[in-house]
Amino acid sequence: MPALTFSLAGGAEVRYVLPMGRTLLGRSEGCDIALPDDEISRTHCIVERRANETWVIDRSRNGTLVNGMPVRRERLRPGSLIEVGRFRLRYTESTGTMAASTSAAVRPLPHEELVAADGQSIAALRACLRFTRGPRTDEVVVVKRSVLSLGGADDDIELEGLPPRALKLRTARGRVVLDPLPAVRVFLAGSPAHVPTPVWPGEEIQVGEHSFIIDVQVDQEDLERESFGALVGAAPSMRKLFGVLGRIAAHDHTALITGESGTGKELAAQAIHQHGPRSSGPFVPVNCAALPENLVESELFGHERGAFTGADAQKPGAFQLADGGTLFLDEVGELRLDTQAKLLRALESGEVRRVGARKSEIPDVRVIAATNRDLARMVAEGTFREDLRFRLSVLTVTMPPLRDRLQDVPLVAQALLERNVPDATLHPSALTRLQQHVWPGNVRELRNVLVRARVLYGPLIMADSLSFEAPAPPLHAPVSEQDLLNPSGQATREAIVRALERAGGNRTRAAQLLGVPRSSLLYRMKKHGIV
């Protein structure tokens, strides 16, 4: 089994079994093997394992060495030594069925990392302190904050016999960092620690008579929340969904939102962005189904001037536009296989390259994808890449259809009215009718029904104002233009008055209700003295 073997600070040896495909090495917390060294690039190099061979690909500014020689792309053989900053990684091959290491086993840990979500609950990988010596031996304390003080009685964790704030543990670039107080002697993996130092899982910290290691545990949580962004609902499924979305928002992982058309997937993505650390950055939505086939790559990654016919100037793509913020890929299941492969490379390495460019860029982007398609079925049919599905679907939430939460219809309807037609009011008879519908078009259909009723029938929406499959029918058979031209017809005057009332005074809508041109309606209004 191909593997990389290397040593951490303090001499602890790690063996990372290479899975098929790409393994990212660098200082970024998003890398599979994150190495704490300022000389190491965010994504320093990629080790790519294929069926019968393994390659290393340099992606750094400072270079990657294999057996002492700088390389850009080099095939690895048993015993090859990869040098990345101050780290030395030995490539080995062995037989057997040893299970592949998870990235969490060797990646420096933030205080919390979400590893799975299903719309009802989340599984989180959490750093914890496991005491190995002293008064708190065998005690486990979960790290629930990004900065944790240890020492006196007023600190987050009291350690008997130590002064206040004897040391701090904080999260930096996705790692737990030991930050000792100069006046207190602290040892990390048996060596004195004088400056802030990254801590790997399993390394022991000793201060005074206390010793503990940074460990990891996986917790499953059921969450509930009353609201989230523009999404509303009181059904239990929605309250749990809001809780999961709120936790996802606090992290920076790629997320996948699934659900039928019209369930509010983009609203969920917007709320994740607005409630997360990237809220001050841009939110860039891209409808993958609407991208022209010949411009998909340009729209996503940008292009250089002269890259193709019509490329008169350099243009940034969606990834560049979303730098520092969130890129929302709606209907990601509509992408062609060749574009899926390019998207996968961008997600794995963090690098994008404009069409026609020689150098890659590394925009700081969080990707949220959405689809109403069954990606697992598409994988089986060969129309969607399995590796891309795995990359997108670690944190997956499903938006429930409106028919499964009809109790929320009044609440959702009121929110839609306030957002789209704030002067409208729902009559109780209309609410009853709305809750009897099955809503194949979900929340989007509900919005359309309400807006259409307000436009055609006025601000008080009654049950008979609602139409679900087609625009609302006229109040009566259309009045012919010849009838309207009859200046003595009382029926014509009454029809005009009723149409104007139902249209809320909008003359264009009234003409549509009557089935005549607007000019004819205006002429008859003048003749009949209708203001």
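1. Of the chain's 531 residues, 48% count as buried. Keep in mind that this is a predicted model. The secondary structure comes to 15 helices and 30 strands. The chain exposes about 25200 Å², and carbon and sulfur atoms supply 48% of that area.

2. Next, contacts along the chain. Take those between residues at least 6 apart in sequence: 56% of them join residues at least 24 apart.

3. Now the largest nonpolar core. This core has 29 residues. Which of them touch the most other members? They are Val286, Phe319, Leu327, Leu329 and Leu343. Helix H6 supplies the largest share, four residues.

4. Look at Val286 in detail. Set aside its neighbours within four places in sequence. Val286 is then in contact with Leu291, Leu300, Ala318, Leu327, Phe328, Leu329 and Asp330. Two of these partners, Leu327 and Leu329, are also on the list of core residues that touch the most other members.

5. There is a second, separate core. This one has 27 residues, including Leu231, Val244, Ala255 and Ala269.

6. H9 covers residues 409-420, twelve residues in total. From its first C-alpha to its last, H9 reaches 16 Å, close to the 16 Å expected at 1.5 Å a residue. Which residues of H9 are buried? They are Val409, Val412, Ala413, Ala415, Leu416 and Leu417. An α-helix has 3.6 residues a turn, so residues three or four places apart point the same way.

7. What covers the buried residues of H9? The cover includes two strands, S29 (425-426) and S30 (460-461). It also includes two helices, H10 (428-434) and H11 (442-457).

8. Finally, Glu83. This residue sits in strand S10 (residues 81-84). Is Glu83 buried or exposed? Glu83 counts as buried because its relative accessibility is 17%, and the cut-off for buried is under 20%. Not counting residues up to four places away in sequence, Glu83 touches Thr64, Leu65, Gly68 and Arg88. With Arg88 there is also a polar contact: the two side chains are joined at 3.3 Å.

Note on methods: Residues numbered from 1 in each chain as written. Predicted model: local features only at pLDDT ≥ 70, side-chain atom pairs only at ≥ 80, totals over all residues. Heavy atoms only, no water. Expected span 1.5 Å × (residues − 1). Buried < 20%, exposed > 50% of the residue type's maximum accessible area, 1.4 Å probe, protein only. Contact = heavy atoms within 4.5 Å. Core = buried A, V, L, I, M, F, W, Y, C linked by side-chain atoms within 4.5 Å. Areas by Shrake-Rupley, 256 points an atom, 1.4 Å probe, with all protein chains shown as cover. Polar contact = N/O pair within 3.5 Å; in protein donor to acceptor, adjacent residues only side chain to side chain.
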